[in-house]
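Take a moment to look over the structure below. Then follow the text through it, one part at a time.

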Amino acid sequence: MPIHDHGYARYAGVRTQPGRAWAVIAGAGIGRMLSARPFLLVLLFAWLQFFVRAVMFYLAANVPQADVIAPSPATFRDFFDDQGFFVFVVAVYAGAGSIANDRRANALQIYLSKPLTRVEYIGGKLAVVMAFLALVTWAPALLLLVMQTMFTGSLSFVREHAFLVPAITLFAFLQVLVASITMLALSSLSTSARYVGMLYAGAVIFSEAVFQTLRGVTGGGTGLSWVSFSASLAQVGDVIFRVEPRYDTPWGVSLLAVALVIALSAWVLARRVRGVEIVA
Amino acid sequence: MARLDAVTVSYGRRQALQAVDARFLPGAVGLLGPNGAGKSTLLKALLGFVRPDRGRLRVLDMDVVEQPLEIRARIGYMPESDAHIPGVNAVTFVAYCGRLSGLPPADAMQRAHAVLQYVGLGEARYRAVDTYSTGMKQRIKLAQALVHDPDLLFLDEPTNGMDPRGREEMLALVRDLAGRKGVNVILSSHVLPDVEETCDRVIVLHQGRVVAQGPIAELKGSSRHAFEIRVKGDVERFLAGLRDAGVECHATDEDVMRVLIAGDRGARDLFALAARCGVQVRHLQPSVQTLEDVFAQAVGES
């Protein structure tokens, strides 16, 4: 029996207008990550700090002797610093294979033959990594603020530090965006997720090593912190949370360094995400 | 269905398409050419993957540069190389492609099952695509191109790497789609029998230029007559005589030659030439021009 006897029917149903495909890509990517048990374990570990700090907030609110651990804006700034390790792990886990695996399987020409733009494709992939990074930074930080209010039964802390909600949101967005877009850019350069993970680790460690070497050479001066990926972000974070900046570099320079990393990553993505490989 | 007006596409200094004018009319159209002729580049230009240096491309009455998304919503593309979404099974992959093309989730899943049945992967639809054989990967590429029910299907070397039975089934699907299901097809291939079996019209590309286009039947029934001939005697002298007389000649099985005579000349002229060359005609049989003859002439003349 010829196989086409199984039939093929024309489709008469509805179709959505182009422009929503990024959400399909993001939804599928998030679903795929959530079905991986090791990744769920990583997410669980990433929330440990939240639980520890929540207990500390409870004690500070209810035990007079625990006043020394009462929260301040610096507490939230430290929370983001301590989450840095999980930002790294989640970014590698969720982002390293994001484009690299598609390139390995030649999936880009499948994607881009559908009614979606390259920006939508990148947006969908970016949304997956950003969603999980926001889940381990922005979400627990905001929830900690809610916990603090609940434990003290007063809004006085939030009122006194009204900048905290926007600061948490702004810094989390910056941290998440830099990690996500850098990871995606590196992912677009290779067909091996493992290699991309190592490349990302190398980039973070190398830039920090260069900074520390320069720091040693210049007798402990930190004016060149802008050469480090993470130091630049940390410097900008200090300014956003209104705490004493940890390095001598003007924060504008650090912000410029962060913006350059984002711009470079966007440029790499624009060059690498194409339906056809231009080799000539 | 699709048309190109003076389209030039370059990769660096190399021109892959040079001022190409072509019309793809409704039905099944074959895009023929040797490797490197520019077939895949032409398809990729029609898809909007590569931007032309000059010229204009229109697909389904829409401009490729101005309305790429509207076009892609109505076409399906089966790439030449292996291509799939990694780490998922066949039905998830095809349904995902349906959703990317704008189908609601339930419809996409329903059509994914139907289309996988249609291409002969019904039994294997829950297997991971990464584990598929080459022939199965060809079929799933067709399924992902069909899931959203396109009006126009671009097939780039659809029988690559398939065994004879698989190839026959793939060609049967293409014939069925173009002939009974009303899906227009542009089939790019360097395998002439594939095009001859499935298409009504053909466009022949060579070195980035269109060297022939039109209905296959018309091109085959051109002003040339084909003969199969076997001679005894000084074959080399006879061949030289044929060349001097402007007669095209191809070797076929053993000592049988295939000659193509243009104009109103015929068998009588062959006998006369054989006599002049001192060879004896042992076998002379009129034949029909094949697509291979058309292709060889088009490529040879360019």
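**A walk through the model**

Of the 302 residues in chain B, 45% are buried. Keep in mind that this is a predicted model. Along its principal axes, the C-alpha atoms of chain B fill a box of roughly 75 × 45 × 35 Å. The chain holds 11 helices and 14 strands. Now consider contacts in chain B between residues at least 6 apart in sequence: 69% of them join residues at least 24 apart.

Next, find a sheet. In which order do the four strands of the open sheet in chain B run? The order is β2-β1-β4-β5, and the pairing is antiparallel. At the edges sit β2 (14–24) and β5 (62–63) of chain B, each of which pairs on one side only. Look inside the sheet at strand β1 (residues 2–11) of chain B. Five bridges join this strand to β4 (residues 54–59) of chain B, and the two run antiparallel. Helix α1 (residues 39–47) of chain B lies across β1, β2 and β4 of chain B. Its direction is at about 70° to β2(B).

Now turn to the interior. In soluble globular proteins, nonpolar side chains tend to be buried together. Here the largest nonpolar core has 147 residues. Within this core, A:Leu133 and B:Val94 have the most contacts. Helix α10 (residues 164–187) of chain A gives the largest share, 13 residues. From chain B, the core draws at least three residues from each of domain 1 (2–214) and domain 2 (221–301). Apart from this core lies another, of 10 residues, including B:Ile229, B:Leu242, B:Leu270 and B:Ala274.

Go back to B:Val94 for a closer look. Which residues does B:Val94 contact, leaving aside its neighbours within four places in sequence? They are B:Ala112, B:Val115, B:Leu116, B:Ala143, B:Gln144 and B:Val147.

Last, see where the two chains meet. Here 36 residues of chain A are in contact with 41 residues of chain B. On the side of chain A that touches chain B, the elements giving two or more residues are α1 (21–34), α5 (84–104) and α6 (107–111) of chain A. What classes of residue make up that side of chain A? There are 20 nonpolar, 11 polar and five charged residues.

Methods. Residues numbered from 1 in each chain as written. Chains lettered and ligands numbered in written order. Predicted model: local features only at pLDDT ≥ 70, side-chain atom pairs only at ≥ 80, totals over all residues. Core = buried A, V, L, I, M, F, W, Y, C linked by C-beta atoms within 7 Å. Buried ≥ 20, exposed ≤ 12 C-beta atoms within 10 Å, placed from the backbone. Domains from an automatic or database assignment. Contact = placed C-beta atoms within 7 Å. Pairing = 2+ DSSP bridges. Axes fitted to C-alpha atoms, helices over the stretch in contact; angles between N-to-C directions. Nonpolar A, V, L, I, M, F, W, Y, C, P; charged D, E, K, R; others polar.
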